[in-house]
Amino acid sequence: MSNYSLILSEHVSQATKIKVWELCVDKESILESFVKQVMDEGTYSNDLAGAIRYVELAADLRMLPKTRFREIKDQDINGKLFEAKKGSIRIYHFHETGTGRIIVLGGFKNNQTKDIKAAVKRIKDFQDEKQ
Amino acid sequence: MKNNNKYREKILNSPAYWVEGINGLLYDAILTYMEKHDMKRKDLAKHLDVSKGRISQILNSGEINFSLEKIIEIALKVDKYPNFLFEDKSLFLEKERQLNTMNKLFFIYNINEVSNQLPISSGLDSIEPGTIRVGQTKVISGSFCVTDEYDFSI
């Protein structure tokens with residue numbers, strides 16, 4: 001039985017040219033708890049909204065400044081890992097051919113290194129499970 | 001995914017969502033115009049009637065921070081009409097809900113279409129709308145012409 005699944009993101013507009021998904025573990029979106037935590041607490045809700053807007057713009061094939069959206073290179077995954085950012089918030093997602101953009105997790109600026117490692121591990125596990 | 005509409009609504013109620021939308025779209029319009037007309041930064045500064053320092057600020061960090069009047073002026077100078085809409089919140093949310101439902105139905109349809117190609121043990125009947133199990137991604141994604149069409153490299 002697979003642990004990983006994908007769900008069309010309801011945090012992001014579904015009108016984008018490239019579809020945006022969320023990675024789920026045991027049917028629970030990893031991003032969802034982060035969104036809930038940030039939006040309920042409130043301090044960084046504006047940053048999260050801005051970062052989500054950048055995920056949408058990128059999925060709509062818009063060119064964006066590197067300070068807002070960048071590829072995290074040299075990661076040992078099949079596909080490209082991206083980071084959308086606004087203020088203290090980071091959203092990590094990757095592009096999978098034939099599926100679209102898959103949001104792996106969200107995190108804070110001060111936990112960037114650990115979050116990138118965690119995102120890469122999730123992506124690898126997800127890709128291994130598919131094979 | 002029970003309360004996502006509530007959180008989507010909170011996201012849409014954040015000013016940054018809309019500010020970054022305008023920033024991002026204007027940034028994209030400026031870069032597209034520069035590429036189309038093979039312009040350098042100094043040419044762009046002259047064309048937009050802003051300082052070279054301001055152009056660097058826009059292109060390096062995406063910081064637009066202009067007055068509404070200047071944003072409109074820049075948009076027109078890069079061949080775009082800044083067509084702002086002020087939509088009723090409830091209608092906007094309803095349109096998003098309808099689009100989400102349509103996407104989910106489309107997705108379920110594709111799952112049904114390929115279901116007899118999948119092993120019985122795949123547990124398709126337990127899949128929630130809009131959910132793909134990992135082992136089935138390849139089969140199902142074959143129906144997503146739109147994502148394939150827009151597949152690209154940055």
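**Notes on the two-chain model**

1. Chain B has 8 helices and 1 strand, where helices (H or I, at least four residues) and strands (E, at least two) are DSSP runs numbered from the N terminus. Along the sequence, the pattern of chain B reads α-α-α-α-α-α-β-α-α.

2. A word on provenance: this is a predicted model, in which local features need pLDDT of at least 70 and side-chain atom pairs count only at pLDDT 80 or more, while totals for chains, interfaces and linings use all residues. Residues are numbered from 1 along each chain as its sequence is written, and chains are lettered from A and ligands numbered from 1 in the order in which they are written.

3. Of the 154 residues in chain B, 20% are buried. Here, buried requires 20 or more other C-beta atoms within 10 Å of the residue's own, exposed is 12 or fewer, and partly exposed lies in between, with C-beta atoms placed from the backbone. Among contacts in chain B between residues at least 6 apart in sequence, 48% join residues at least 24 apart; a contact puts two C-beta atoms, placed from the backbone, within 7 Å.

4. Over in chain A, have a look at strand S7 (residues 100–108): 8 of its 9 residues are buried, so the strand is largely enclosed by the rest of the structure. S6(A) (residues 89–96) pairs with S7(A) in the antiparallel sense over 8 bridges, pairing being called when DSSP finds at least two bridges between strands. Ile89(A) stands opposite Phe108(A) in this pairing. The two strands form a hairpin with 3 residues between them, and Gly98(A) in the turn has a positive phi of about 85°.

5. S2(A) (residues 20–25) runs parallel to S7(A), joined by 3 bridges. Trp21(A) has Ile102(A) as its bridge partner, and Glu22(A) has Ile103(A). Glu22(A) also stands opposite Ile7(A), with S1(A) and S2(A) running antiparallel over 5 bridges. S2(A) is mostly covered, with 5 of its 6 residues buried.

6. S2(A) also pairs with S3(A) (residues 28–29), antiparallel over 2 bridges, and Val25(A) stands opposite Glu28(A) there. In their hairpin, with 2 residues between the strands, Asp26(A) takes a positive phi near 50°.

7. Finally, the interface: 46 residues of chain A are in contact with 40 residues of chain B. Elements giving two or more residues to the chain A side include strand S1 (4–8) and helix H2 (45–59). H2(A) supplies the largest share, 9 residues. That side divides into 17 nonpolar, 14 polar and 15 charged residues, counting Ala, Val, Leu, Ile, Met, Phe, Trp, Tyr, Cys and Pro as nonpolar, Asp, Glu, Lys and Arg as charged, and the others, Gly among them, as polar.
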